[in-house]
Amino acid sequence: MSDDQDRNRDADIHEWLSESLDEHDDSRSTEDPHDDIQHAVVPARDSLPERIYLLPIHNRPFFPAQVQPLVINRERWQETMQLVGKTPHHTVGLAFVGETASEGGSHDDFPEVGTAVKVHRLQGEDQQIQFIAQGLKRFRIQRWLSKEPPYLVEVSYPREPVDAEADEARAYAMALINGIKELLPINPLYGEELKHYLNRFSPHEPGPLTDFAAAITSAKGPDLQDVLDTLPVMDRMQKVLPLLRKEIEVAQLQSEISDQVNAQMQERQREFFLREQLKVIQRELGISKDDRENDVDTFRDRLENLVVPPKVLTRIEEELDKLSVLETGSPEYGTTRNYLDWLTSMPWGVRSQDQLDLGHARTVLDRDHDGLSDVKERIIEFLAEGTFKGDVGGSILLLVGPPGVGKTSIGRSIAEALGREFYRFSVGGMRDEAEIKGHRRTYIGAMPGKLVQALKEVEVENPVIMLDEVDKMGQSFQGDPASALLEVLDPEQNVDFLDHYLDVRLDLSKVLFVCTANTLDSIPGALLDRMEQIRLSGYIAEEKVAIAKHHLWPKLLKRDNIPKKRINLTEAALRHVVEGYAREAGVRQLEKQLHRIVRKAAVTLLENDQQSVKVSVKNLEDFLGAPIFRKEQVLKGEGVVTGLAWTSMGGATLPIEASKVHSLTRGFKLTGKLGEVMQESANIAYSYVLGHLAEFGADADFFDSAFVHLHVPEGATPKDGPSAGVTMTTALLSLARHQAIERPLAMTGELTLTGHVLPVGGIREKVIAARRSEIFEVILPEANHRDYDELPNHLKEGMTVHFAKRYKDVAKVVFG
Ligand SMILES: Nc1ncnc2c1ncn2[C@@H]1O[C@H](COP(=O)(O)OP(=O)(O)OP(=O)(O)O)[C@@H](O)[C@H]1O
């Protein structure tokens, strides 16, 4: 309501009040329809009028001993009250019509007996009229003068006889007073006011006392009307006393209940007070209680969207309980908080949807990788299988190959093709089982293992996790590496993987594990059995050129934010880089050399303020210096033969030199850091050649007076394996026959003492290595024929391959 409205309303009431209460003396002049009646209302002898207007009341009767504010409906009773205001005595009759009577009521609802009250402090409030009613006397309706509102009646004020022995009446009166006094302390509602009234009543005048007692009970309306109706005071007291007693009982019961409630309230207040005090103390000590609340809130919030297994949930609740009793500053608090942090950071039940779309997978793989068609095909097959199974989880892929051939990059592409998160860590350097399985929480600074860390990071249960260098793990591992890795990788075991720190079971079975290794030799058999091997064997020059052109070079330029056209690397120059500076199986070295070119070119651009720089075969050495590899590096001469080796770094050409040191004594000496197996095969070669000199066209007694030295460069690189048998034999024979091998030719194969050539591993890598060294003629064991046939065409193209069953097949190719 606006202020204006407020003021209007006040003015309204004012007008009405002044009209009704103050100016009643002039009221004769008004045109009130009840004027004639009003004239009839004249004060009774003891100032009680014989004609009074009636107001119906609904809750309970009003007693003559009461003084109480009343509220009535303005619209209905305004007129009545105006008329009352115009009377000299300001008296109105209140009569109890019952709760069910309608607001206006009908004259039938009115009882015979009511109470005349004096109207004080009349006020208007919106819909209501408020006044203070001061009870005067019982009246009995004698005659109805107006049966419509404003109701007007003629009344009498009956006598109220005591009708009893004085003592008896006094006894009742005392009982009433005592009862009222009893109520006082119990029910604060009556309080001071009541005490005040009590002083005014005396046992000698029991009528008002009885009415007052009735009025303060919460008895029902009709019971109270009965009291009002009862004129003989003795009878009335007999009716009121039980009502009062009942009131006392109720009040006592109420006070008991409220005592209990109060006690609880007090306890709560006390707790609140203590907590507040604690906060103050904690604040002073620099520990805030809010930290704990924040922590608990954070942990609970995290659980909201997770599907936490019941056992884990129980553990979390236990730990939260623990947290609530620990000092926030204490080390235990820190440990528990940390633990809860991990427990609630696991992606319980959160999985990404696999995108099993072969077309998309092919696009991703082709976009990121040149060549590797067979590898890509294997991965597509693997994904196709997953499409049928509906899930690729539970498999372990193993990418084997030399460094820098794109194993990591393939792993990433698999994750991207599937739409999964990717996480990679190396197990190569790992010393301790705890790095995989976590420390027990009892250790200071305990941490969960890598797998738990991975899941926290990726926030899903089904990422692609790449474990690098699984072949290098065993070497310095405390505990059993195979069993630790199996626990992680094996679908049978990893369903409920137990990290020592987390100490609750974790399901790793939805993870797609991709391992990488350079060789298979040091991978425990139990593990190898469960892995799907995919081999990346290294690149030939053409592939490297393509990779450099399409991937490495653009990537490097982009990384340094150099526009493509400002450094122009010719294709011929690129080929030179591949052949002269980066001959390893992978492309890391190549990438490094290209990076050098970019760096140097950038300097040239800036220093000479040039728009662009051209890198061609002519000026390549300005950027990279002299080539590291030269064609003439392939050793030649009597007793020198090129072998083919296969190491974890990929395939390699391996020159073997045999030399006659002197002719004083017969003897045989080996150098070149040869492993045991290789030394044995050297001895076999020596024995074999010694026994077959004549057969292969050499002096039968050549070795009788020859101290022979066999060396395998480079001397610092450890070498082992039987596959150089054929090569060493050929080197010795070349020495004995005094015949150098003039053409580029490489060979591999194990030799038995009886001259059989046995199959060897790594045919693919070896062929690649030969091509890289620009050797296009090779001798391979006949038993490896199939391996060679399975090679992709671009590797076989332009190659001359001889397959040898026995050594004499080799000798025939080499010496004719
Ligand atoms: N076939 C390819 N096509 C395009 N880029 C390639 C290819 N092979 C390798 N690369 C790039 O060569 C670099 C080295 O590859 P990556 O790191 O994947 O090798 P890796 O086999 O994992 O090596 P390591 O065993 O040393 O970890 C990467 O930048 C990669 O993108």
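I started with Lys766, which is buried because 30 other C-beta atoms lie within 10 Å (buried takes 20 or more such atoms, with C-beta placed from the backbone). Lys766 sits in helix H25, residues 763-772; helices are DSSP runs of H or I with at least four residues, strands are E runs of at least two, and both are numbered from the N terminus. Leaving out residues up to four places away in sequence, Lys766 touches Leu644, Trp646, Gly651 and Thr748, where contact means C-beta atoms within 7 Å.

A note on the source: this is a predicted model, where local features need pLDDT of at least 70 and side-chain atom pairs count only at 80 or more, while totals for chains, interfaces and linings use all residues. Residues are numbered from 1 along each chain as its sequence is written.

Next I looked up the record: an unreviewed UniProt entry lists Ser723 and Lys766 under "active site", and such annotations may be inferred rather than shown by experiment.

Then I checked Ser723, in the loop between strand E19 (707-711) and helix H24 (725-736). Ser723 is buried too, with 27 other C-beta atoms within 10 Å.

Last, I turned to a helix pair. H10 (residues 310-325) and H11 (residues 331-343) pack at about 155°, axes 10 Å apart, so they are roughly antiparallel (angles over 145 degrees).

How values were computed: Axes fitted to C-alpha atoms, helices over the stretch in contact; angles between N-to-C directions. Parallel < 35°, antiparallel > 145°, perpendicular 65-115°, else oblique. Buried ≥ 20, exposed ≤ 12 C-beta atoms within 10 Å, placed from the backbone. Contact = placed C-beta atoms within 7 Å.
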